[in-house]
Amino acid sequence: MEEPAVEPMTVASTCADSGFLRVSLSGALTARTELRDEDLTCESMRRPDDRGVRLRLSTDIDGERLAIIIAMPELDAGETGAGFDSIVTITVDGSGRFFSTANLGACWTDVAGNEPLDGAGGAHVISGAVSCVGPLGEFNGDAYVDVQELVFSGIADWSKS
């Protein structure tokens, strides 16, 4: 008697099947990679003061789980354009290491797309590119990470807090 073929389980996308991350980092973290939806985890929430949104893209790079968080306090659902002031943070899960801009004015995001996600309340598929004028400093040390390229597409949800 032949055993029935077992179909592999499919993992539901957290990035609306359009997740994308192209990143080039140097300094304390060195990476140059381009990833698609199936290699990313997308999460987001409104910022604590209910201004704008935070987008979190995480993935495994060179054996470490990195999370890149892009906070855009002036971005509203559906809005696009150039030069949205942003705070960028990169964390290395489980290590206690994280790198971030100290405040607004050091990084900005050019938002190319910000379209509602069908049937998902306040969720939008957001895409764009981040530029920073200097490196991200380490919070618990004196190292830094230079973000040379950061292009993304993920889910931003203005209904989550």
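E138 is buried, with a relative accessible area of 14%; buried here means under 20%, exposed over 50%, and partly exposed in between, using a 1.4 Å probe and protein chains only. This is a predicted model, so to speak of local features we need pLDDT of at least 70, side-chain atom pairs count only at pLDDT 80 or more, and totals for chains, interfaces and linings use all residues. Residues are numbered from 1 along each chain as its sequence is written, and side-chain values use heavy atoms, with hydrogens and water left out.

**Fold and overall numbers**

- The chain has eleven strands and zero helices, where both are DSSP runs numbered from the N terminus: helices are H or I with at least four residues, strands are E with at least two.
- Reading from the N terminus, that gives β-β-β-β-β-β-β-β-β-β-β.
- Of the chain's 161 residues, 43% count as buried.
- The accessible surface comes to about 8600 Å², and 49% of that belongs to carbon and sulfur atoms; areas come from the Shrake-Rupley method with a 1.4 Å probe, and for residues only the protein chains shown count as cover.
- Take the contacts in the chain with a separation of 6 or more: residues 24 or more positions apart account for 54% of them, a contact being heavy atoms within 4.5 Å.

**Confidence**

- Mean pLDDT for the chain is 85, and 89% of the residues reach 70 or more; pLDDT is the predictor's confidence in each residue, on a scale from 0 to 100.
- Confidence is lowest in β3, at a mean of 84, and highest in strand β8 (residues 107–116), at 95.
- Over residues 3–11 the pLDDT is below 50, and this stretch has zero contacts in the model beyond near neighbours in sequence.

**Around strand β1**

- Strand β1 (residues 20–27) pairs with strand β2 (residues 31–36) in the antiparallel sense over six bridges; two strands pair if DSSP finds at least two bridges between them.
- A hairpin of three residues takes the chain from β1 to β2.
- Within this pairing, R22 has E34 in β2 as its bridge partner.
- β1 also pairs with strand β11 (residues 144–157), again antiparallel, over eight bridges.
- On that side, V23 stands opposite L150 in β11.

**Salt bridges**

- The count comes to eight salt bridges, each being a side-chain nitrogen of Lys or Arg within 4 Å of a carboxyl oxygen of Asp or Glu.
- E34 turns up again here, in a salt bridge with R36 whose closest N and O atoms are 3.7 Å apart.
- R22, E34, R36 and E149 are linked in a network of salt bridges.
- E43 and R56 meet through their side chains at 2.7 Å, N to O.
- E43 lies in strand β3 (residues 41–46) and R56 in strand β4 (residues 53–61), so this pair ties together parts that are 13 residues apart in sequence.
- E43 is partly exposed at 38% relative accessible area, and R56 is partly exposed at 23%.
- E138 forms a salt bridge with R97, and the closest N and O atoms are 2.9 Å apart.
- E138 sits in strand β10 (residues 136–138) and R97 in strand β7 (residues 97–100), so the pair ties together parts that are 41 residues apart in sequence.

**Aromatic pair**

- Searching the whole structure turns up one aromatic pair; rings of Phe, Tyr and Trp (its six-membered ring) pair if their centres lie within 6.5 Å, with planes under 30 degrees apart called stacked, over 60 edge-to-face and the rest tilted.
- F98 and F139 are the pair, and they are tilted: 4.6 Å centre to centre, with 35 degrees between the planes.
- F98 lies in strand β7 and F139 in the loop between β10 and β11, so the pair ties together parts that are 41 residues apart in sequence.
- F98 counts as partly exposed, at 28% relative accessibility.

**I61 in β4**

- I61 has its place in strand β4 and is buried, with a relative accessible area of 10%.
- Leaving out residues up to four places away in sequence, I61 touches A31, T33 and L66.
- I61 and L35 are 26 residues apart in sequence and 10.0 Å apart in space, C-alpha to C-alpha.
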